[in-house]
Amino acid sequence: MKLELDIQPIQSWAPHKDRPLIISGPCSAESEEQLISTGKQLKDIGIDVLRAGIWKPRTRPNSFEGFGEKALPWLQAAKKELGLPVTIEVAKPQHIELALKHDVDILWIGARTTVNPFNVQELADALKGVDIPVMIKNPVNPDLNLWIGAIERIYNAGIRKMAVIHRGFSAFQKTKFRNEPTWQIPIELKTILPNMPIIGDPSHIAGRRDLIQEVSQKSLDLNYDGLMIESHRDPDNAMSDAKQQVTPSTLKNILGGLQTRISRGEANDVVFINQLEELRKQIDNIDRELIENLKTRMNLVEQACEYKLQNNVTIFQVERWNDIFRSRSEWAKKMNLKEDFVSEIYKLIHVESIRSQTEVMVKRETVTK
């Protein structure tokens, strides 16, 4: 499925050099002096857009939630002094109205707002007749349809200068990331909306300074159009999200260490293209064999199910599942494959095997009746 949306190129509303767009600034605007001081350092290293949190939706009450309307003149002053476009998060129609009054250039909708279609629709209604770029963060939970729905609501309001921000997703299991990147979701979004710019948010995915470079490089390797990285002149003493902010000098080092790769459409080396196509043909052949083997496996699962039913044995055999889960991980280790990767594959296969056997059982019971 592809959606044909008339989205304007990112260069038309956020001009930047011949490299990915770089948005940076403090998690929260704490004072006019702090914002301008940090902004000056960021301008010196060549960022394109200055960001700052004005309204900060927090998980729990009594946390610092930003200075709100009071901070908007600070952002206005920073824009005037630095000559940089500025962007903030908006969560209510009143936020949009105030942002426009204070010359904010770009708006973004946060993850906690994107998750609620009612809230997004209220923002969309407030944006009708307004010509301003809007960036939409992925919803907190890993739901691609919610993300697309938010995009469609803002698009239907007449906004054509758009981008999405990938900031990661909440996960039940703890990982090294603050928000699990779940890269396949933004990749799927890009296949549905090929002309939608994607901005990576390494700060919120990582949650830690030492992981920002890794996440930034992964974002660029996936051909993202830009990065939003939080930077503070004194991150250890920041009023919010101190652990994920970096100093402007550290940001300079991070950006300097990133490698920007050309996209497939820009590659014009004939030898490279031919070799890549040959490798892809081999991958396609192997994938076809994998699918054929999966089909054969499922046929055997159904035969085993029939045999279980004939002998009045339950479908799910925990000892068998434990043996499969253990042995396949061991096979993966011997072949230098990541055990977690293979384990996840077999979890999916197991779910489908149970579903298939249940279907066989239902069909048999229907026939006997």
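Guide: Buried means under 20% relative accessible area, exposed over 50%, and partly exposed in between, with a 1.4 Å probe and protein chains only. The model is predicted, so local features need pLDDT of at least 70 and side-chain atom pairs pLDDT 80 or more, while totals for chains, interfaces and linings use all residues. Residues are numbered from 1 along each chain as its sequence is written, and side-chain values use heavy atoms, without hydrogens and water.

Visitor: Why is Asn312 called exposed?

Guide: Its relative accessible area is 75%, against a cut-off of over 50%, so Asn312 counts as exposed. Asn312 lies in the loop between helix 11 (270-310) and helix 12 (318-334); helices are DSSP runs of H or I with at least four residues, strands are E runs of at least two, and both are numbered from the N terminus.

Visitor: Why is helix 5 called roughly parallel to helix 6?

Guide: Helix 5 (residues 117-127) and helix 6 (residues 144-156) pack at about 20°, with axes 8 Å apart. Angles under 35 degrees count as roughly parallel, over 145 as roughly antiparallel, 65 to 115 as roughly perpendicular and the rest as oblique, so this pair is roughly parallel. Angles run from 0 to 180 degrees between N-to-C directions, and axes are lines fitted to C-alpha atoms, for helices over the stretch in contact.

Visitor: How do you know that the buried residues of helix 2 are on the same side?

Guide: Leu72, Trp74, Leu75, Ala78 and Leu82 are the buried residues of helix 2 (residues 72-82). They cover an arc of only 155° around the axis, which puts them on the same side; the arc is that of the directions from the helix axis to the C-beta atoms.
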